[in-house]
Number of protein chains: 2
Amino acid sequence: MNIVVDAMGSDTAPGPDVEGAVLAAQETHHTIILVGDKQQINNELAKFSTQHLSIDVVHAEQRITMHDQPSQVIRNKNKSSMHIGMALVHDGHADAFVTAGNTGATLAIAMLSTLHLIPHIKRPALTAIFPNLTGHTIAADIGANTDCHPEYLLQFAQMANIYATSVMQIQTPRIALLSNGEEESKGNNLIKETTKLLNNHPNLHFIGNAEPKATIEGHTDIIIHDGFTGNIFIKSIEATADMLLQLLKEKTTSSPLTSLGGLLIKPALRQILKQIDPFEIGGAPLLGVNGVVIIGHGRSNAKAIKNAIHQAEHAVNANIIATITESI
Amino acid sequence: MNIVVDAMGSDTAPGPDVEGAVLAAQETHHTIILVGDKQQINNELAKFSTQHLSIDVVHAEQRITMHDQPSQVIRNKNKSSMHIGMALVHDGHADAFVTAGNTGATLAIAMLSTLHLIPHIKRPALTAIFPNLTGHTIAADIGANTDCHPEYLLQFAQMANIYATSVMQIQTPRIALLSNGEEESKGNNLIKETTKLLNNHPNLHFIGNAEPKATIEGHTDIIIHDGFTGNIFIKSIEATADMLLQLLKEKTTSSPLTSLGGLLIKPALRQILKQIDPFEIGGAPLLGVNGVVIIGHGRSNAKAIKNAIHQAEHAVNANIIATITESI
């Protein structure tokens with residue numbers, strides 16, 4: 001198996017991206033192909049002992065930044081690490097693509113210039129796999145489609161169900177629609193129409209509507225929403241957690257006694273941070289495109305990149321693309 | 001001024017509701033009218049020295065619970081404390097109504113049986129006034145309208161602007177639309193269409209799209225969304241904060257050393273809880289109905305009820321209903 005890693009993806013690339021690839025290569029017998037500026041990649045690789053590792057480097061002269069617009073990337077950056085990396089998957093030279101780069105650009109290049117959609121898939125779904133109180137929830141869509149039809153949401157549920165079953169090893173994933181109340185009378189028109197489709201579907205374990213609280217507490221394995229609502233949902237959780245942890249840091253250093261207290265609770269805080277750490281999973285799949293693509297957070301560190309590479313490995317082993325193609 | 005308080009509103013009513021009314025009556029020269037089960041209210045009142053306070057009691061034989069459906073409340077509960085309380089405002093016997101009860105029922109009774117909408121207002125807006133890192137943000141709509149047209153959102157912005165200016169004393173409130181990105185290219189169709197209306201409006205200080213993070217950090221005074229998205233937004237913040245504080249409690253009591261640490265950081269934690277405490281404001285207005293209605297959280301304690309009553313007082317003093325009627 002060959003897994004392509006976008007060496008120019010993360011906010012501080014290529015440092016974490018290359019180190020993550022090295023860490024992954026130490027743990028797997030598969031080949032990691034780093035795509036990006038060859039000189040910069042080799043400089044980073046030189047920091048590690050890599051002679052026994054199966055790591056290849058493919059040069060890409062262009063780099064996509066977080067500020068690049070998806071439309072312009074399609075026209076002007078077809079020599080970027082993203083484009084070349086996904087083309088390697090499309091052409092059969094590699095099995096999966098991992099990036100911590102610009103999500104909109106990844107989506108555009110995957111859909112329009114390289115991998116394209118799986119037949120019969122109406123829209124791709126960006127996903128997040130986030131920690132809840134008892135495990136992990138896969139959320140789809142978190143931003144690819146701001147305006148959705150019920151049929152899109154049904155397909156997001158089907159694809160997430162396949163991913164949760166075959167890659168995340170959840171036997172019968174509980175699927176819910178994110179809504180403003182649990183009752184079937186709640187929800188906007190999109191939710192109400194999608195409920196009918198999911199209720200009538202024989203192969204999905206649809207448990208109804210879920211509010212944010214139930215989702216965060218882990219009462220559902222899959223949470224489905226349009227990309228606009230899902231984006232607000234995920235970003236609200238992230239922003240609230242960031243704010244609280246920042247306040248806790250500030251306030252506990254405001255006096256010698258609270259500082260001591262802050263020191264003493266550090267192990268507890270570390271446990272909490274580990275429990276809610278998105279980097280433990282590292283990345284989440286872009287579902288619906290015709291090739292395995294795992295997208296990590298721009299803030300990814302080496303551990304996150306490593307774990308994202310392992311996600312890709314599991315997805316390839318689970319034959320996720322073929323399964324989606326056959327099932328939908 | 002007479003302010004009606006729904007004595008049967010909060011989850012543990014009438015205890016906090018009556019105590020909150022007593023606390024408010026101690027701080028104001030206005031009359032508080034408690035509506036609900038007379039016997040129960042008098043039992044609660046007997047716990048305080050109220051002989052010099054201006055508190056009236058009006059009996060209501062029915063009580064609305066959190067499980068009552070809005071449609072059934074209209075048909076079957078017109079002798080409830082909510083119905084009688086809002087009818088007192090509608091008939092001119094009182095100036096404002098405060099409740100910590102069932103939000104859907106409050107909305108239905110206000111709109112359909114008692115106060116009705118202000119002329120030219122298309123839809124009412126449920127609001128929340130929540131703490132951000134530097135002050136407070138007023139959010140509208142948080143649940144009255146799951147499917148919205150751009151014209152509704154424009155009116156929500158206009159009404160929230162009047163409330164923020166005249167009641168919250170914010171000179172030129174910054175208004176933003178909650179979206180999945182700051183750029184004007186982001187947002188769903190509703191947000192993009194509403195942006196055009198707000199951009200062209202001469203009297204509103206529209207600052208564009210805001211993500212959850214910017215809102216929580218206090219970069220906007222007013223955040224506008226449809227009731228579905230707004231509900232998810234507010235509940236995501238609440239659920240995340242609850243989860244983190246619960247985890248912190250659990251983990252800091254897991255060993256003697258972290259327990260000591262937990263004890264030492266208590267003053268810091270108290271500061272944080274005070275900073276993010278929704279009860280400091282106590283309640284938020286139901287905008288668009290033809291009378292001042294302030295809705296508090298079901299979990300309200302006496303302090304929250306007291307502060308909600310003061311909110312009502314400020315709203316009446318600011319002549320909020322007349323201002324909205326004249327401006328829209």
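Between chain A and chain B of this predicted model there are two salt bridges, a salt bridge being a side-chain nitrogen of Lys or Arg within 4 Å of a carboxyl oxygen of Asp or Glu. Over all chains, the count by this rule is 16 salt bridges. Side chains of opposite charge can pair when their charged atoms come close. The two pairs below cross between the chains.

| Lys | Glu | N to O distance |
|---|---|---|
| A:Lys235 | B:Glu211 | 2.7 Å |
| B:Lys235 | A:Glu211 | 2.7 Å |

As for conventions, the model is a prediction in which local features need pLDDT of at least 70 and side-chain atom pairs count only at pLDDT 80 or more, whereas totals for chains, interfaces and linings use all residues. Residues are numbered from 1 along each chain as its sequence is written, chains are lettered from A and ligands numbered from 1 in the order in which they are written, and side-chain values use heavy atoms, with hydrogens and water left out.

On the side of chain A that touches chain B, the elements giving two or more residues are helix H7 (189-199), helix H8 (212-216), H9, helix H10 (256-264) and H11 of chain A, and the largest share, 17 residues, comes from H9(A). By class, this side of chain A holds 24 nonpolar, 16 polar and five charged residues (Ala, Val, Leu, Ile, Met, Phe, Trp, Tyr, Cys and Pro count as nonpolar, Asp, Glu, Lys and Arg as charged, and the others, Gly among them, as polar). In total, 45 residues from chain A and 44 residues from chain B take part in the contact, which is defined by heavy atoms within 4.5 Å. The two chains bury about 4500 Å² between them, with 73% of it on carbon and sulfur atoms; buried area is the accessible area (1.4 Å probe) that two parts lose on being put together, summed over both.

Three cavities of 30 Å³ or more are found, a cavity being a set of points on a 1 Å grid over the protein atoms alone where a 1.4 Å probe fits but cannot get out, with lining residues having an atom within 4 Å of a point. The largest has a volume of about 90 Å³, and its lining includes A:Leu269 and A:Ile272 as well as B:Leu248 and B:Ile272. By class, this lining has nine nonpolar, no polar and no charged residues.

A cis peptide bond joins A:Ala13 and A:Pro14, with omega about 5 degrees, and A:Pro14 is found in the loop between strand S1 (2-6) and helix H1 (15-27) of chain A. In chain B, the peptide bond from B:Ala140 to B:Asp141 is cis, with omega near -5 degrees.

Conventions: On a 1 Å grid over the protein atoms alone, a cavity is a set of points where a 1.4 Å probe fits but cannot get out, and a pocket is an open set with protein on both sides within 12 Å along at least five of seven lines; lining residues have an atom within 4 Å of a point. Grid points are joined across faces, edges and corners, and a volume is the space filled by probe spheres set on the points. Helices (H or I, at least four residues) and strands (E, at least two) are DSSP runs, numbered from the N terminus.
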